[in-house]
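Here is a set of questions and answers on the cavities and helix contacts of one protein. Look at the sequence and the structure first.

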Amino acid sequence: MASSSRSLALALLFSFLSCYASVPSLASSDGFLQCLSAAIPNELLYTQSSPSFTPVLLSAVRNPRLFTNTTVKPLVIVTPTSAPHVQSVVVCGRRHDVRIRVRSGGHDYEGLSYRSERPEVFAVVDLNKMRSVTVNQAAGTASIDSGATLGEVYYAVSKASKQLAFAAGLCPTIGVGGHLSGGGFGMLLRKYGAAIDSVLDATLVDAEGRLLDKKAMGRDVFWAIRGGGGESFGIVLSWKVKLVPVPPTVTMFKVAKTVNEGAVDILTKWQVVAPALPEDLFIRVVVQKDAAEFQSMYLGTCDALLPLMGSRFPELGLNRTHCNEMTWIQSVPYIYLGSTASVEDILNRTTSDGFSKATSDYVLQPIPKDGWIKIFDFLAQPTAGIMIADPYGGKISGFPESATPFPHRGGVLFNIQYMNFWPATTNGSAQTKWLKDFYAFMTPYVSSNPRQAYVNYRDLDLGQNVVVGNVTSYEAAKVWGEKYYKGNFKRLTFAKGKVDPNDYFRNEQSIPPLVARK
């Protein structure tokens, strides 16, 4: 009876929304909460007066910088367990002028999935209870709820087959919804491309509360959700992805070189060699203080890797003692958590990354040797952070820039992520200043017009939206939008105009709607 009552309530809400006029109703927090309670079990709703509100909100806050006494918090957190629950939140939100933010894993670098930069009445839809992963081994596909973490996906795939994988990011605690919404890449990027390059279908709740698959949402919107950023086009509940073959044995290595051991010359060579190596070999670099650690995955055995490295990258000095042979699933905790971590450790959703700030760049031309020398000078400063470089080339660079909203394809040598960290005992001002100074220093060595950035390394310092007449300004969004999406930004705005012309789904860096003239 309760189920049929809620179904009737949802039907009545949809009926109301079908008559929704261009003039919104007065904002009503109480009305919104009552609307939710009529359609969603109360045990899935956490209002600010609930003793569980703060623990639930904090459960996926990875960066304490983004949760303070002045943080603008949601009116309510909804933890849906089904698509109708999510549809009800959207319908109630539209009816009562309460906007929605969506959280899958909480890794958003600026916390826009659960907080607002400015005073605003909003709700959070936390998808952590919608996290099933179903693997079809015969078809080589997986159906994945957006609330699942990458670790949960990898684990499920490995249980179904030891020779299938999902080509996505390194960090197992990342939520699938946010990861795929921004592109997603990891150790298999050179072999199989970005995570979005494997997406076959998706299920979206749009601003009208409708449940849409690939066919129903249309070509432009399906294109847009695969890399166009989260919270712009609706709420993606699930994804169907293509899995990729991996060999029974992969070889991992981590080799550190200090400046005194020739790190400058090795990096100068790495930046040219790494993007041109065979697609089975991926070598990334973490540069910190006076050292560079080269972290690698090779889809094959050590016996096959050693002669390849000897001929293509002898400067690193790789030898058999550096090789660690394992299965693909064992490589996930190895590269992110360390050699002592177990496969089961990648199922942990509760890790915290500490106080931090990050930004990103793309390098199209080799950095000269003297540039690397100066980079190490920056990294030697007392308040310095780290620099992580992931080489492109191979499959990820083989797609046209317009294939997906993620435009960083041909011509990219490597992506850079800059990060800095600080303890709770300081305010982080010295560390954030170092980050800004380092970013400014790197200007002549990275892409320009636009200076490209990766949306999953979100940075509000690149620009924030301005709302004019209750719609996000195109010109303001263009400032940051072209950095993330290059020439794809304008197409994204037209896709937004098709699926959410009234700009219901928005945040500080959401896509603004443009409506094509007929």
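Q: How much space lies in the largest cavity?
A: The model is a predicted one. It holds 2 cavities of 30 Å³ or more. The space in the largest cavity comes to about 100 Å³.

Q: Which helix gives the most to the lining of the largest cavity?
A: The lining of the largest cavity includes Y154, F166, M187 and L188, and also W328, S331, V332 and I335. A helix spanning residues 328-337 supplies 4 residues to this lining, the top contribution, and that helix is α12.

Q: What is the volume of the second largest cavity, and how many charged residues line it?
A: The second largest cavity is lined by M187, L188, K191, E279, D280, L281, F282, M297 and L299. Its volume is about 30 Å³. Its lining divides into 6 nonpolar residues, no polar ones, and 3 charged.

Q: Are helices α2 and α4 roughly parallel or roughly antiparallel?
A: Helix α2 covers residues 29-39 and helix α4 covers residues 83-96; their axes come within 9 Å and cross at roughly 155 degrees. Angles over 145 degrees count as roughly antiparallel. The two helices are therefore roughly antiparallel.

Q: What is the handedness of the crossing of α2 and α4?
A: In this crossing, G31, F32, C35, L36 and A39 of α2 meet H85, S88, V89, C92, G93 and H96 of α4. By class, that contact has 6 nonpolar, 5 polar and no charged residues. The way α2 passes α4 is right-handed.

Q: Why does α13 count as roughly antiparallel to α14?
A: The axes of α13 (residues 369-379) and α14 (residues 429-441) come within 11 Å, and they cross at roughly 175 degrees. The cut-off for roughly antiparallel is an angle over 145 degrees. The crossing angle makes α13 roughly antiparallel to α14 because it is roughly 175 degrees.

Q: How many charged residues are in the contact of α13 with α14?
A: On the α13 side the contact has G371, K374, I375, F378 and L379, which meet W434, D437, F438 and F441 of α14. By class, 6 residues of this contact are nonpolar and 1 is polar, and the charged ones number 2.

Note on methods: Residues are numbered from 1 along each chain as its sequence is written. This is a predicted model: local features need pLDDT of at least 70, side-chain atom pairs count only at pLDDT 80 or more; totals for chains, interfaces and linings use all residues. Side-chain values use heavy atoms; hydrogens and water are left out. On a 1 Å grid over the protein atoms alone, a cavity is a set of points where a 1.4 Å probe fits but cannot get out, and a pocket is an open set with protein on both sides within 12 Å along at least five of seven lines; lining residues have an atom within 4 Å of a point. Grid points are joined across faces, edges and corners, and a volume is the space filled by probe spheres set on the points. Ala, Val, Leu, Ile, Met, Phe, Trp, Tyr, Cys and Pro count as nonpolar, Asp, Glu, Lys and Arg as charged, and the others, Gly among them, as polar. Axes are lines fitted to C-alpha atoms, for helices over the stretch in contact, and angles run from 0 to 180 degrees between N-to-C directions. Angles under 35 degrees count as roughly parallel, over 145 as roughly antiparallel, 65 to 115 as roughly perpendicular and the rest as oblique. A crossing is left-handed if the near helix is turned anticlockwise from the far one by less than a right angle, and right-handed if clockwise. Contact means heavy atoms within 4.5 Å.
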